[in-house]
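Here are some friendly notes to read beside the coordinates. Please have the model open as you go through them.

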Amino acid sequence: MKIACYIRNSTVSDTVKTVLSRANHETSHFDNEAALLRSVRRSRFDLILIDMGAEPRDDNSILSWLNLRTGDNTPVIILSPLRSPELAALTLNSGADDFVNRPFEAVELVARINALLRRCAPLQARRSISFAGYTLDRDSASCTFQDQAIELTPREFSMAWLFFSSPGIYISRETIGAVIWSADSEVAGRTIEQHVYKLRKKLQVGEEKVVMIRTAYSQGYRLELCTPE
């Protein structure tokens, strides 16, 4: 997906670029409002991400553009360090589709982007994932590597879908437990580790190790491409 980013804070811009790149999104970054607005008129983007680091003035061009744009349903997410219900309401009422406070968790930002893309394109809801030779099909709950079937249990498939949906993004044990078991389930870390261990083994087809699931005990797990030796 192509995402236009207008973020003046260089540190935040670099963080967003890294997060979206790991989630397989292509980003275009703009230094000023005029360049962003000119580009979205000329080029097609799947989503627009705008950072508001301060309270906008009454003549803010971004808010004016949100209020006045017609015939353009490209979803817009506003990022802001300001924990202001008034600013959130202002941007959403002006035409933005979501408001995310920063600092943010990478997995949450990617999930919000994916959810917004699904809502804006309901006929193209994601039913399969292809990544690094692997293909996961949600309708048949099947997983293959280069057309070779990989037998997964229902929970292993759900876990694989979660990792392949957000490659390069750490997913916490709490998130895995809530998504795969239930929202109110307190799944022991050992249980999750056992499922991750089995999934790791199954994703290695023959002698070839294309992806790995990395563990960071303070952050959770993430799917990574293996670096060729």
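This is a predicted model: local features need pLDDT of at least 70, side-chain atom pairs count only at pLDDT 80 or more; totals for chains, interfaces and linings use all residues.

1. Let's begin with the open sheet. Four strands make it up, in the order β6-β7-β8-β9, and their pairing is antiparallel. Because β6 and β9 (148–150) stand at the edges with a single partner strand each, one side of each has no neighbour in the sheet. On average, neighbouring strands are turned by 20 degrees against each other, direction ignored.

2. Among the residues to look at here is F145, whose bridge partner in β9 is Q148.

3. Which strands of the sheet does α6 touch? Helix α6 packs on the sheet through contacts with β6, β7 and β8, and its direction makes about 120 degrees with that of β7.

4. The largest nonpolar core has 29 residues, and F163, F164 and I176 touch the most other members. Elements giving two or more residues to this core include β6 (128–131), β7 (134–137), β8 (142–145), α7 (173–181) and α8 (189–203). Its largest share, seven residues, comes from α6. As a general reminder, nonpolar side chains in soluble globular proteins tend to be buried together.

5. Setting aside neighbours within four places in sequence, F164 is in contact with I129, F131, Y134, L136, L203, V211 and L223. Another core, of 21 residues, lies apart from the largest one; L36, L37, V40 and L63 are among its members.

6. Now to helix α5 (residues 106–120). Which residues of α5 are buried? They are L109, V110, I113, N114, A115, L116 and L117. The cover over these buried residues includes β1 (2–6), α1 (10–22), β3 (47–51), β4 (76–80) and α6 (154–165).

7. Lastly, the cysteines. The structure holds zero disulfides. For C226, the nearest cysteine sulfur is that of C143, 15 Å away, and C226 is in no disulfide. Why does C5 count as buried? Its relative accessibility is 1%, and the cut-off for buried is under 20%.

Terms used: Residues are numbered from 1 along each chain as its sequence is written. Side-chain values use heavy atoms; hydrogens and water are left out. Buried means under 20% relative accessible area, exposed over 50%, partly exposed in between (1.4 Å probe, protein chains only). Contact means heavy atoms within 4.5 Å. A nonpolar core is a set of buried Ala, Val, Leu, Ile, Met, Phe, Trp, Tyr and Cys residues joined through side-chain atoms within 4.5 Å. A disulfide is a pair of cysteine sulfur atoms within 2.5 Å. Two strands pair if DSSP finds at least two bridges between them. Axes are lines fitted to C-alpha atoms, for helices over the stretch in contact, and angles run from 0 to 180 degrees between N-to-C directions.
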